[in-house]
Protein chains: 2
Amino acid sequence: MKSLLLILLIALNGLAHGACLTRGTGDMGIIVERADGSVLVVDTSAHKVLFRVEGLGDLSHASAVFSRDERYAYVFGRDGGLSKIDILCGTLDKRVIQGGNSIGGAISQDGKLIAVSNYVPGGVKVFSAADLSLIADIPATATAKGKGSKTVGLVDTSGQRFVFALYDTGEIWILDMKQPDKPALTKFTNIGRLPYDGLITPDGRYYISGLFGEDGLALLDLWHPEKRIRRILDHYGKGKKQLPVYKMPHLEGWAVAGNQTFLPAVGHHEVLVVNTSDWKESGRIAVHGQPIFVIARPDGRQLWVNFAFPDNDTIQVIDSETLKIIKTLKPGKGTLHMEFTPRGEEVWISVRDKDEIQIYDTENLTLKTRFKATKPSGIFFTNRAHQTGL
Amino acid sequence: MKSLLLILLIALNGLAHGACLTRGTGDMGIIVERADGSVLVVDTSAHKVLFRVEGLGDLSHASAVFSRDERYAYVFGRDGGLSKIDILCGTLDKRVIQGGNSIGGAISQDGKLIAVSNYVPGGVKVFSAADLSLIADIPATATAKGKGSKTVGLVDTSGQRFVFALYDTGEIWILDMKQPDKPALTKFTNIGRLPYDGLITPDGRYYISGLFGEDGLALLDLWHPEKRIRRILDHYGKGKKQLPVYKMPHLEGWAVAGNQTFLPAVGHHEVLVVNTSDWKESGRIAVHGQPIFVIARPDGRQLWVNFAFPDNDTIQVIDSETLKIIKTLKPGKGTLHMEFTPRGEEVWISVRDKDEIQIYDTENLTLKTRFKATKPSGIFFTNRAHQTGL
């Protein structure tokens, strides 16, 4: 009897430890399986799936950030769910429904606060990264219909600040959380019609809102908020017929290379090139379709672009120096998301309709390997933990 | 008897697992204790020492890089020792004596290769990151005395390449390790007298050698090696008396903010400001002493500078926009090294003669906390794993 107990206890002890991995987390990441409400935890060195974590709700358009120690992923679901995943144990550590319809989130500079922006009921909520308890609730400006404005383009920057835009009321707000019990807001109104997404430059200095209601973007210099909002690239679509927009482009992927920033043009088959020293247009690149993501390889030498329906089977690679398209790839229908490995030697691409992840070598632009994932969309690697605005 | 065995076995099992930590590695780092040949493994969230790892030999001027998964630190000792430390277990995983007198190293883009540059016998050796077995031995050009040139300023960049300078013979070499069994060298000669250190811009594009033998620096555009070497900041000390140089400045800490790069002037109490669009001098900042490290806070808004003896008790903080000194700190004698936390909210400073690490808040520039370390010098955090040239 005692022998049996002995074996049992040792086995249990082994299991308890064995369930979690003892390993570095710098080469890990997650892949969102949108249809199943699950995420895959992956090893980017071994090209291997380590865990599948289920029960995350509606993950269409889901995004994620990582804790400062790169152990936990915070997943922002479309259904307002905020989930904390332990990537070393492959478990759902905690899940709260924080709003009705969520559109992304961010993590504070010190890693202690998670902010989530909501379509419904609008506004931003701030949670403790440790236990997801509510720390601050920032309602949005009410629209004429009495509802809170949709809140979009939420990013984090230095000084425990978050920046976001109010879609319906055309505003940009800075939320300063240095004193968590006294959230401080700086509001910029009349920034332009229908800001639909935002990006922040890698240094955390410039915040840019794309405007769906007009040709042009709104720029805020966070080192000098007293200079207020500046309109840039005004009327970039002037004289051209705008195409029907099937899917809004994303701005949150950085595409800053040297002193140039690359942005998707809404409703046009073009990538806009902007000089970051004067924020004027310095060029345009004709591309295969309406660009969704325009992202730069970490060294800035290449830009990778995917497209809206019906061109969402294609990726184009642009040389950031010559502005020429150097490669057109056809990963397959539903090519939704791209993520570079931290030092850029590979890019991982989710191909929804093929139920697979394709991994490309960014030096020779060829397919290196692929593996199965169920209706994959967003891919997020842990090195985002160390970066501002990602 | 069986009960005793049971307890014993469970205890042993617990110990075996307990020796290593199951935790994320994104908020970890190491601190070199130069006099004792040891390193401290630290937790940057908790401000805590987790382990002390001993037996690393002569660690004066030691530097370190991290594996792609952020689990292993590779420490380059002055005595030619290359040590692989497991920071989750606090153990010395492997140690080889690879040369007679070493001056730093780098890790390849894919994380599989470790390169070390040597004063004696000169040249670069490349090792497997997995087991430290020798993969390539690249001897330096022989000097008139028949010995290999001292080899310095070794950095990694994209495409599995390493770049370094030959001090005695005035050369810069690119080592391409895409085919590990066929190392390919590109050599640039007559680059200027006595290149003493190198830096690579954060995007991995520009390599700059400081020249001890003359006023000026050598610049190589790695996107366009066919353009060969360009001399920049020629005669920056012209008409000024050079002071005796007690300690060579370091270049390997990045100081790139917007389109400006900041460099320590050799033998002068000045920081040089260079415009990265034309690589011309755009300003100078008079500082407290001869600068050693000039490093930018990750968002580029501040530069932190320490100094050579006899001013090595001081740190100055410069606003990168106004170029004004905004704070002079006196951490104490032997203020040797500074390391920013990944998102820049803190800077950790080693103060050798006080046997302590001081941690400053970079927003209000005040001391936050401190802890004991024995004769600390270099501080290296794991987020370096994700960056080029660090």
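1. Strands β22(A) and β23(A), the latter covering residues 280–286 of chain A, pair in the antiparallel sense over six bridges. Please keep in mind throughout that this is a predicted model. Within the pairing, A:Glu270 has A:Ala286 of β23(A) as its bridge partner. Four residues lie between the two strands of this hairpin, and A:Trp279 takes a positive phi near 60 degrees there.

2. On its other pairing, β22(A) is joined by five bridges to strand β21 (residues 260–264) of chain A, and these two strands also run antiparallel. One of the pairs to look at is A:Thr261, whose bridge partner in β22(A) is A:Val274. The hairpin of β21(A) and β22(A) has five residues between the strands, and in it A:Gly267 takes a positive phi near 75 degrees.

3. Is A:Glu270 buried or exposed? A:Glu270 has a relative accessible area of 10%, so with the cut-off for buried at under 20% it counts as buried. This residue belongs to strand β22 (residues 270–275) of chain A, a strand that is mostly covered, with five of its six residues buried. The side chain of A:Glu270 makes a polar contact of 3.0 Å with the side chain of A:Arg284.

4. Elsewhere in chain A there is an open sheet of four strands, in the order β12-β13-β14-β15, with antiparallel pairing. Its edge strands are β12 (151–157) and β15 (184–188) of chain A, each of which pairs on one side only. On average, neighbouring strands of this sheet are turned by 20 degrees against each other, direction ignored. Between β12(A) and strand β13 (residues 161–166) of chain A there are five bridges, and the two run antiparallel. A:Thr157 is found opposite A:Arg161 of β13(A).

5. Now to charges. Side chains of opposite charge can pair when their charged atoms come close. Over all chains, the whole structure holds 48 salt bridges. Within chain A, A:Arg370 and A:Glu356 meet through their side chains in a salt bridge, 2.7 Å from N to O. This pair links distant parts of the chain, 14 residues apart: A:Arg370 sits in strand β31 (residues 366–372) of chain A and A:Glu356 in strand β30 (residues 356–361) of chain A. A:Glu356 counts as buried at 5% relative accessibility, whereas A:Arg370, at 44%, counts as partly exposed.

6. In chain B, the side chains of B:Arg205 and B:Asp221 form a salt bridge of 2.9 Å, N to O.

7. How much area do chain B and chain A bury between them? The figure is about 4500 Å², with 48% of it on carbon and sulfur atoms. In chain B, the residues that lose the most area to chain A are B:Arg68, B:Trp223 and B:Arg343, together 20% of what that side buries. The contact takes 53 residues from chain B and 53 residues from chain A.

8. Between chain B and chain A, 32 residue pairs are in polar contact. On the side of chain B that touches chain A, α1 (2–18) and β12 (151–157) of chain B each supply at least two residues. The largest share of that side, nine residues, comes from α1(B).

9. Eight salt bridges are found across the interface of chain B and chain A. One of them pairs B:Arg68 with A:Glu345, whose closest N and O atoms are 3.3 Å apart. B:Arg68 lies in the loop between β4 (63–66) and β5 (72–76) of chain B and A:Glu345 in the loop between β28 (335–340) and β29 (346–351) of chain A, so this pair joins two chains. B:Arg68 counts as buried at 13% relative accessibility, and A:Glu345 counts as buried at 12%. Another salt bridge brings together the side chains of A:Arg68 and B:Glu345, at 3.3 Å from N to O.

How values were computed: Residues numbered from 1 in each chain as written. Chains lettered and ligands numbered in written order. Predicted model: local features only at pLDDT ≥ 70, side-chain atom pairs only at ≥ 80, totals over all residues. Heavy atoms only, no water. Pairing = 2+ DSSP bridges. Axes fitted to C-alpha atoms, helices over the stretch in contact; angles between N-to-C directions. Salt bridge = Lys/Arg side-chain N within 4 Å of Asp/Glu carboxyl O. Buried < 20%, exposed > 50% of the residue type's maximum accessible area, 1.4 Å probe, protein only. Contact = heavy atoms within 4.5 Å. Buried area = accessible area lost by both parts, 1.4 Å probe. Polar contact = N/O pair within 3.5 Å; in protein donor to acceptor, adjacent residues only side chain to side chain.
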